[in-house]
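Dear colleague,

I am passing on a structure for you to look at, and I would be glad if you read the notes below with it open beside you.

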Amino acid sequence: MSLAIKDDEVDIVIGALRSDLTIFMNEWRPMFSRFHVIIVKDPDLKEELKIPEGFNLDVYGKPDIDQVVGSSISILFSGYSCRYFGYLVSRKKYIISVDDDCLPARDPKGFLVDAVAQHISNLTNPATPFFFNTLYDPYAEGADFVRGYPFSLRGGVKCALSCGLWLNLADHDAPTQALKARQRNSRYVDAVMTVPARSLIPISGINIAFEREAVGPALVPALKLAGEGKCRWETMEDIWSGLCVKIVCDHLGLGVKTGLPYIWRTDRGDPIASLKKEWEGVKLMEEVIPFFQSVRLPREATTVEECIIEVANAVKERLGPMDPVFARAAKAMLDWVKLWQSVGSSSSRSSAV
Ligand SMILES: O=c1ccn([C@@H]2O[C@H](COP(=O)(O)OP(=O)(O)O[C@H]3O[C@@H](CO)[C@H](O)[C@H]3O)[C@@H](O)[C@H]2O)c(=O)[nH]1
Ligand SMILES: [Mn+2]
């Protein structure tokens, strides 16, 4: 049961570190060509992008970012976080984002996986965070609620975020990848499940989709480790952003799903080279998780923006004294909310695409 999606309800957002997107766009053409595509160039990428014909797309670079948000806070969109500018200027209901080094996967029968269609199905079918269904997604073809599942909960809640997975290179951290350099993920688990309420998860930005108005302000490009560079492993921006989104969804009664769709992930980073810097992030996460597990948002926080402001204030107060990176993250979260209100919301200036 999936609502029919109109072409003008979806933006595909891509962060581009490389200028030649020919292979990437041609491989994704069957899934992308009916929708508008937003490509945000890494602010340091000066070359013109090479993109094949046949797409309805807009490309943004550093000048556009500075013009829309002002050069004083354009740092929010540096490096890995450049795609968040696409989240900000989009005006579509749903956003889907994949890394530019990922391609469509094939399922065990050899069929191409339409990751866009699966994300949309995840987002347009209810989520069930308050009672776990042992047949996983009850709205999937051939599935249903199992005996004992309360009928009062079978209506579910809106699914605001869909977290897809990866074949070939799973999203492992540098220590794991360094230890298991030859490990490749060939496990295609044919399931979508709702992440239970009050359970945190490591949300990867590699293959993600969300309902823009429902959780856009909570996808905060806030955590930047010192010396974040161009190669892999030096940022945890998506993990931080995912923790913020999940506690906001739990508070507002929204759902988060994980599982299908898979995409085929390659990678260019060198985990050994980045091991030391990423280790900083891995260590910080151990401090961060108990904090997010302890956050309780006030009843008066009824919008995503209000929730993020509450989280940012708690980060500043409770994590800020531990490490300057958290004080910076708290400020970035507040800047992001202000930007969302001035640029991101549908009623704001027409910087939208
Ligand atoms: O400086 C940069 C770095 C990256 N990008 C664009 O961001 C995505 C992801 O980049 P990449 O594939 O090089 O790195 P991954 O480690 O695989 O990315 C995942 O891990 C998280 C960070 O570690 C990140 O949130 C995930 O996406 C690509 O589209 C690059 O083009 C960039 O623009 N500038
Ligand atoms: Mn990658």
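Predicted model: local features only at pLDDT ≥ 70, side-chain atom pairs only at ≥ 80, totals over all residues.

I began with helix H4, which spans residues 115-124 and is largely enclosed by the rest of the structure, because 7 of its 10 residues are buried. The buried residues of H4 are Ala115, Val116, His119, Ile120, Asn122, Leu123 and Thr124. Ala117, which is also found in H4, counts as partly exposed, with a relative accessibility of 41%. The C-alpha atom of Ala117 is separated by 7.8 Å from that of Met31, although these two residues are 86 residues apart along the chain.

I then turned to the salt bridges, of which the structure holds 11. In one of them, Asp11 pairs with Lys92, and their closest N and O atoms are 3.6 Å apart. Asp11 lies in strand E1 and Lys92 in the loop between helix H3 and strand E4, so this pair ties together parts that are 81 residues apart in sequence. Asp11 is buried at 0% relative accessibility, and Lys92 is buried as well, at 14%.

Another salt bridge joins Arg83 to Asp99, with 2.7 Å between the closest N and O atoms. Arg83 belongs to helix H3 and Asp99 to the loop between E4 and E5, so parts 16 residues apart in sequence are tied together here. Both Arg83 and Asp99 are buried. Finally, Arg198, Lys246 and Asp250 are linked in a network of salt bridges.

With best wishes

Technical notes:
Residues numbered from 1 in each chain as written. Chains lettered and ligands numbered in written order. Heavy atoms only, no water. Buried < 20%, exposed > 50% of the residue type's maximum accessible area, 1.4 Å probe, protein only. Helix = DSSP H or I, 4+ residues; strand = E, 2+ residues; numbered from the N terminus. Salt bridge = Lys/Arg side-chain N within 4 Å of Asp/Glu carboxyl O.
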